[in-house]
Amino acid sequence: KRPNATACVANRSMLKEYRVRVAREADVPSAVALARVVGWTNLGTVAWCMPLRITPQCCLVAETVASGQVVGTAFATLSDDKQQANVQRVLVAPEHRRKGLAMCMMGKLLDAVRTEGAMRSVELYSSEMGVPIYQRLGFRKDGDATVACCWKAEVKAVLGSFSEEELQSAFSCVADANRGKLATVDAAASGQDRAKILQEEFPQAWYTNNAEPVEGVAVRYGAEALRVGPVIAHSAESLLSLLAVACSHAPQDLQHCEVWVPSTAAGFCVGTLERMHFTQYSTCERMWLPLHPGAEVHALPPQYCGLMGVDMG
């Protein structure tokens, strides 16, 4: 039996206090505030508005019936070819947890992504707390048991780890990116066509090298830190150059940067990040739900060393 909105039944009496509906732009300030309460302080207004523009019917909020206060969110985006849906920002206010609200929102969200045409699979990155919920809905860990780690650093410390000559060298081999070129490389690495998402979510900066194979990085300006990813690099030297250029363009009010690194890329990433004074901040697990019997999870290649938009469930 496929997981769907009937997951709400388990806690029907408690769930009468809530209403799950499609999110509106007017809900964004409440979503930003909720994210801060649960520790996601880098999700600002721009980050919340992006999925509302791309897949509005797959952006849900839960509110209390009594006051209309937003106490939960569950968003998803679909790849351009609708092969895959990516779930993110499954958040519930602490005082409203353990009532079945996350399960209810996820059941409705899975119904929504199917209605919107998702064909192959649904993917997400889960905190440890969320894993049992997703497993009950049929999600499984990928074959590589991929864990993504969030690494953070001060922008000043990152740039201070380079000599002037190294920075000049980095700038000489990296240029403003052709967005189509980076989107093509990202599609090969991530296993999904998401050029539209990349263009919507990254209005700030893109950089690629000037050679083959194409390597590149995209950066977003979060509420509190520079968000780096996707990063496609084939060597530690390339990764150094791309991160140096990304950090050198950070606005003055963003003094930190963060990048999500999958365990499949840890081999050459970790040493490089440590040299640049990054430290590991948190982890999450990659999980996926096949939408038909023949669906398979895409294996992340080692060169895909910085994930895009990993917002844990």
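The structure is a predicted model, in which local features need pLDDT of at least 70 and side-chain atom pairs count only at pLDDT 80 or more, while totals for chains, interfaces and linings use all residues. Residues are numbered from 1 along each chain as its sequence is written, and side-chain values use heavy atoms, with hydrogens and water left out. Helices (H or I, at least four residues) and strands (E, at least two) are DSSP runs, numbered from the N terminus. Two helix pairs are treated in turn, α10 with α11 and α2 with α3.

**Packing of α10 and α11**

- Helix α10 (residues 236–248) packs on helix α11 (residues 266–275) at an angle of about 45°, and their axes are 10 Å apart. Axes are lines fitted to C-alpha atoms, for helices over the stretch in contact, and angles run from 0 to 180 degrees between N-to-C directions.
- This angle makes α10 oblique to α11. Angles under 35 degrees count as roughly parallel, over 145 as roughly antiparallel, 65 to 115 as roughly perpendicular and the rest as oblique.
- The crossing of α10 with α11 is right-handed. A crossing is right-handed if the near helix is turned clockwise from the far one by less than a right angle, and left-handed if anticlockwise.
- On the α10 side, Ala 236, Leu 239, Leu 240 and Leu 243 take part; they meet Phe 268, Cys 269, Thr 272, Leu 273 and Arg 275 of α11. Contact means heavy atoms within 4.5 Å.
- By class, this contact of α10 with α11 comprises seven nonpolar, one polar and one charged residues. Ala, Val, Leu, Ile, Met, Phe, Trp, Tyr, Cys and Pro count as nonpolar, Asp, Glu, Lys and Arg as charged, and the others, Gly among them, as polar.

**Packing of α2 and α3**

- Helix α2 (residues 28–37) and helix α3 (residues 45–54) have axes 9 Å apart and pack at an angle of about 125°. Helix α2 is therefore oblique to α3.
- The two helices α2 and α3 also make a right-handed crossing. Val 28, Ala 31, Val 32 and Ala 35 of α2 form the contact with Thr 45, Trp 48, Cys 49 and Leu 52 of α3.

- The 13 residues of α10 should span 18 Å at 1.5 Å a residue, and its end C-alpha atoms are 18 Å apart, which agrees. The expected span of a helix is 1.5 Å times one less than its number of residues.
- Ten of the 13 residues of α10 are buried, so this helix is largely enclosed by the rest of the structure. Buried means under 20% relative accessible area, exposed over 50%, partly exposed in between (1.4 Å probe, protein chains only).
- The buried residues of α10 include Leu 239, Leu 240 and Leu 243, which also take part in the contact with α11.
- For helix α4 (residues 101–115), the 15 residues should span 21 Å at 1.5 Å a residue, in agreement with end C-alpha atoms 21 Å apart.
- Eleven of the 15 residues of α4 are buried, so α4 is largely enclosed by the rest of the structure. Among them are Met 103, Cys 104, Met 105 and Met 106.
- Cys 104 and Arg 12 are 92 residues apart along the chain, and their C-alpha atoms are separated by 9.6 Å. Arg 12 lies in helix α1 (residues 12–15) and counts as partly exposed at 49% relative accessibility.

**Individual residues**

- Ser 161 is in the loop between α6 (155–160) and α7 (164–173) and is buried, with a relative accessible area of 16%. Leaving out residues up to four places away in sequence, Ser 161 touches Glu 166, Arg 275, Met 276 and His 277.
- Thr 77, in strand β3 (residues 70–78), is buried at a relative accessible area of 3%. Beyond its neighbours within four places in sequence, Thr 77 has contacts that include Pro 51, Thr 55 and Ile 197.

**Backbone geometry**

- The peptide bond from Gly 229 to Pro 230 is cis, with omega near 5°; Pro 230 is in strand β11 (residues 225–232).
- Lys 82, which is not a glycine, has a positive phi of about 65°. Lys 82 lies in the loop between β3 and β4 (84–92).
- Arg 89 in strand β4 also has a positive phi, near 60°, and is buried, with a relative accessible area of 1%.
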